[in-house]
Amino acid sequence: MQVELHRHLDLCTRPATLYELAQKSGLIAQSTGFDSFMQSVLIREPMSDLNTVLAKFVIFQKILDRPEVLERIAFEAVLDCVAEGIGAVEFRFSPGFVCEYSGLSWSDALDGFEAGMRRALRSHSDFKAGLICIASRDLGQESVERTVEFFSQHRTRFIGLDLAANECDFPCLGFEGAFREVRKWAKITVHAGEAAGPENIWAAIETLGARRIGHGISAIKDPKLMDYLAKNSICLEMCPTSNWLTRAVPSFKEHPLPRVLRAGVPVCINTDDPGIFATRLPEEVRICRDQMGLSMAEIEFCNEHARKSSFLSGI
Ligand SMILES: [Zn+2]
């Protein structure tokens, strides 16, 4: 069974759906053509700076204005995973990010996404899907604390907790207090070592209690850390296209995934934000094979790491 652990539900909206919703809510002119709209939305070349990509997120946030919209996006996201040959997926979303423009309540957002997943699972009963709650570190300390509280209140509806967004200006060490209690019982993954160095991966593990790391690109620079990750089976959720487009790696050929895998560190292959990076899991697998030189056995090994490291039960 194909397993994906790192896919943002709020950034995997289908192009046609995004276009339709943006027109309906007046975010773009009726005269805007589909192709020119997608050209302005998608990231296909490495971006010049972080602000460029953040500006691209806004349209994805602004269409999320009603629970029915969230329901549809989650429904379509499950169907897309099924079409990609995935059997189990961990979706994640940030309540603070999703509700930033709409003023929707965080509970409405969770209800909406859950309802869409449930509707899709009715006709795909073998498919497994779970939700990870993201605390967006760049929304500030108070928002992170509120998100951890929200996650704790809805602990039966989430499979895990994540800390994401700008790790350079908001390093993991600053959130020790917010994670002090929750790390005792929650399954935690943290975006770390994507733009920042290995010290942020150490802090994600030691200070926040992370059992998995989102991206972890810079782990390769620290042999002691690599050894620790291997010994403690801490899986790196790597996302080739995303890592290239955000300039976390200069090229696919220089991506550390093969070296990490061959050093015995668990690593898996993911899409991150398929709606904005125009990618799919089979495409990420193809890149690992054709551009990074992974054998089919190694690709299968990555999938096995995803399965073993999943926060979903029974897969
Ligand atoms: Zn991510």
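Biologist: Which residues of helix 15 are buried?

Modeller: A residue is buried if 20 or more other C-beta atoms lie within 10 Å of its own, exposed if 12 or fewer, and partly exposed in between, with C-beta atoms placed from the backbone. In helix 15, the buried residues are Cys302, His305, Ala306 and Ser309. Around the axis they cover an arc of only 100 degrees (taken from the directions from the helix axis to the C-beta atoms), which puts them on the same side of helix 15. The model is a predicted one, in which local features need pLDDT of at least 70, side-chain atom pairs count only at pLDDT 80 or more, and totals for chains, interfaces and linings use all residues. Residues are numbered from 1 along each chain as its sequence is written.

Biologist: Which residues are exposed on the other side of helix 15?

Modeller: Met296, Ala297 and Glu300 are exposed there.

Biologist: What covers the buried residues of helix 15?

Modeller: Contact requires C-beta atoms, placed from the backbone, within 7 Å. The cover includes helix 12 (257-262) and strand 1 (2-8), together with strand 6 (212-215), strand 7 (235-238) and strand 8 (267-269).

Biologist: How many helices and strands does the protein have?

Modeller: Helices (H or I, at least four residues) and strands (E, at least two) are DSSP runs, numbered from the N terminus. The protein has 15 helices and 8 strands. Its radius of gyration, taken over C-alpha atoms, is 18 Å, close to the 20 Å that the globule rule (2.2 Å times the number of residues to the power 0.38) gives for 315 residues, so the protein is as compact as a globular protein of that length.

Biologist: What share of the 315 residues is buried?

Modeller: Buried residues make up 48% of them.

Terms used
Two residues are in contact if their C-beta atoms, placed from the backbone, lie within 7 Å.
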